[in-house]
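Please read the following points with the model open beside the text.

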Amino acid sequence: MESFVVRYRNLLVLLALLVAQILGLAMQVRRTNSGQAADGRSVSLIRYWANSIVSPPERLLHYSGTGISWLWNNYIDLRHVRQQNADLEKTVDRLRLEQAALLEDAKQGQRLQALLNFQQKYIYKTLTAQVIGSSGTDQSRVFYIDKGKDAGIERDMAVITPDGIVGKVRDVFPHTAQVLAINDQSSGAGVIMESTRIRGILRGNAAGQPQIEDVIRDQRIKPGEKVLTAGGDEIFPRGLPVGAVDSVVNDPERDGFVEVIVKPAAHLDQLDEVMVITSTERRFPPDQQQDMAESEALKGAEAEKQKTSEGMAEKLPGLIDPSLPPDQQPLKDTSNPNPVSRPPVAIHPDRFTPLSAATPSVPTPAQDGQGPPVTGPANAPATPKKKPPTPKPQTSQPEAKPGTTPPAAPQGENR
Amino acid sequence: MSVLSAERSREIEIHRYPVLVYALVPTLAVVLQAWLPRLLGRFAWFDLPLVVTVFFALSRRNPIQGSMLGGILGIFEDALTGHAIGINGIAKTLVGYLAASVGILVNVENYAIRLFLTFVLSLVGSATYFFVVRFLLGLTSDTNWLTELFKAVGNSVIALMFFPLIDRAKIRD
């Protein structure tokens with residue numbers, strides 16, 4: 001047995017290493033299939049170690065490169081050019097070099113200006129970061145940025161550029177963070193097509209192109225249509241540009257479904273600066289905040305006024321007619337610009353005069369108990385007081401019979 | 001007969017290097033592998049950790065050390081990707097083992113043999129990687145063998161410059 005182990009020691013060690021890694025793979029795959037998106041603790045630890053080892057020299061290389069470039073452009077190259085300044089042709093070459101450098105600076109300035117404009121347009125709280133490294137393989141579309149936990153970066157924060165969305169933060173380390181690009185196979189973002197309003201999930205395919213999956217075949221989907229974030233994934237805010245439809249291909253696995261290949265709006269393979277959305281709560285500029293405060297104050301004053309008038313109306317029963325529905329109350333009746341508060345006074349009231357005292361010989365339905373009581377408006381004025389009868393037989397008004405009640409006098413009227 | 005046995009030749013031709021080289025060179029390879037593709041984009045046709053694995057496996061001629069170095073470098077590479085850890089690990093473990101096993105049998109001082117071995121082992125590494133991705137994990141992958149061929153050529157060219165450079169740090173008895 002011992003000789004077997006010694007003889008095949010190399011092969012046994014190889015097998016042990018391979019089996020251990022295959023088991024590790026199986027455990028990771030099982031974890032992913034069970035819906036646990038985050039890595040296990042041991043895997044996270046390995047990623048953390050790797051990042052801790054690789055990131056510092058990577059940052060050093062990045063900033064050294066920038067420093068050397070700066071040193072070259074500002075000292076060595078100029079000194080070298082000055083030494084050969086006598087020759088006009090070389091001077092022209094130098095100027096061309098400087099022009100190229102300036103052009104690069106101008107491009108960078110434009111890029112930064114675009115970033116600033118974008119921040120002002122999309123008023124989410126963002127953090128600008130520089131891309132410092134990649135995964136090192138074209139099978140995995142992740143990259144590293146120079147901001148980490150110490151800058152407030154958290155897992156699943158959206159990463160964007162002024163052109164469009166880029167990806168989301170996958171892992172956060174103290175000073176760096178790993179970003180999963182939208183063209184990676186394991187990524188996912190809710191998107192919507194601008195004109196057809198068809199929704200879907202954006203993922204990367206094997207070729208590294210983002211594509212919308214789970215889309216039912218629809219003739220309206222045409223190349224060139226804009227694709228925006230749908231906002232349902234709780235990562236990307238709604239309405240950010242994603243890209244445009246590049247082509248539509250049939251889903252090889254499911255009939256009736258298509259895969260919409262999207263040309264990303266952001267240049268995913270040429271990223272220098274990106275923005276991380278650290279807060280999706282809308283942050284309004286000061287002038288808009290002032291407008292909103294004024295509007296709220298006005299709204300509050302208006303509500304207070306209405307409440308007061310309603311309270312007064314309740315306390316003044318004379319202003320409310322219980323027989324009328326609430327919307328036809330005198331206080332609220334605005335249809336008539338000159339509301340009549342009282343009926344006109346009859347010059348010669350008789351028994352046909354409205355609201356005059358009825359003759360007792362003609363019972364009203366209320367009086368004989370066969371109908372509802374007829375009630376006039378509570379504020380209806382009484383008819384004017386009848387003048388003492390004058391001995392003028394020529395009048396057309398019939399004489400009041402003995403015992404009849406003369407029409408009520410205005411009594412100074414309802415005031 | 002002047003022909004040495006494999007065991008004898010292994011004892012004679014094992015190369016040793018300062019500890020710093022063992023620590024720095026693989027680390028630098030992983031760092032550069034993560035940094036250079038940013039500058040070169042899709043033209044980054046090389047795999048520096050694989051070149052380092054092949055170099056040390058051929059020099060040390062110890063399959064166990066070759067396998068372990070390959071495995072560690074592969075796992076580090078995997079840790080920098082968003083994928084499951086172990087895909088590159090398995091591929092480079094196998095490459096390290098094969099390189100060391102072949103190193104016992106052939107004269108690794110010959111540059112042509114080193115170049116050829118680097119080229120072949122790069123292709124073996126790529127094939128193992130895609131085997132693991134497609135058949136063990138069941139994932140779809142965009143296998144472009146022309147790119148893998150360019151990568152193998154790139155690795156060979158780097159090996160041509162890198163091997164003599166590191167050989168200078170060799171501890172001579």
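1. A crossing is left-handed if the near helix is turned anticlockwise from the far one by less than a right angle, and right-handed if clockwise. Helices (H or I, at least four residues) are DSSP runs, numbered from the N terminus. This is a predicted model, in which local features need pLDDT of at least 70 and side-chain atom pairs count only at pLDDT 80 or more, while totals for chains, interfaces and linings use all residues. Residues are numbered from 1 along each chain as its sequence is written, and chains are lettered from A in the order in which they are written.

2. In chain B, helix 3 passes helix 7 in a right-handed crossing. On the side of helix 3 of chain B, the contact is made by B:Leu50, B:Val51, B:Val54 and B:Phe55; two residues are in contact if their C-beta atoms, placed from the backbone, lie within 7 Å. Helix 7 of chain B contributes residues including B:Phe162 and B:Ile166.

3. B:Val95 touches B:Leu50, B:Val54 and B:Leu121, among others, not counting residues up to four places away in sequence.

4. Between the chains, the contact takes 35 residues from chain B and 39 residues from chain A. Helices 2 (19–40), 4 (63–80) and 5 (87–105) of chain B each supply at least two residues of the side of chain B that touches chain A. Helix 4 of chain B gives the largest share of that side, nine residues.
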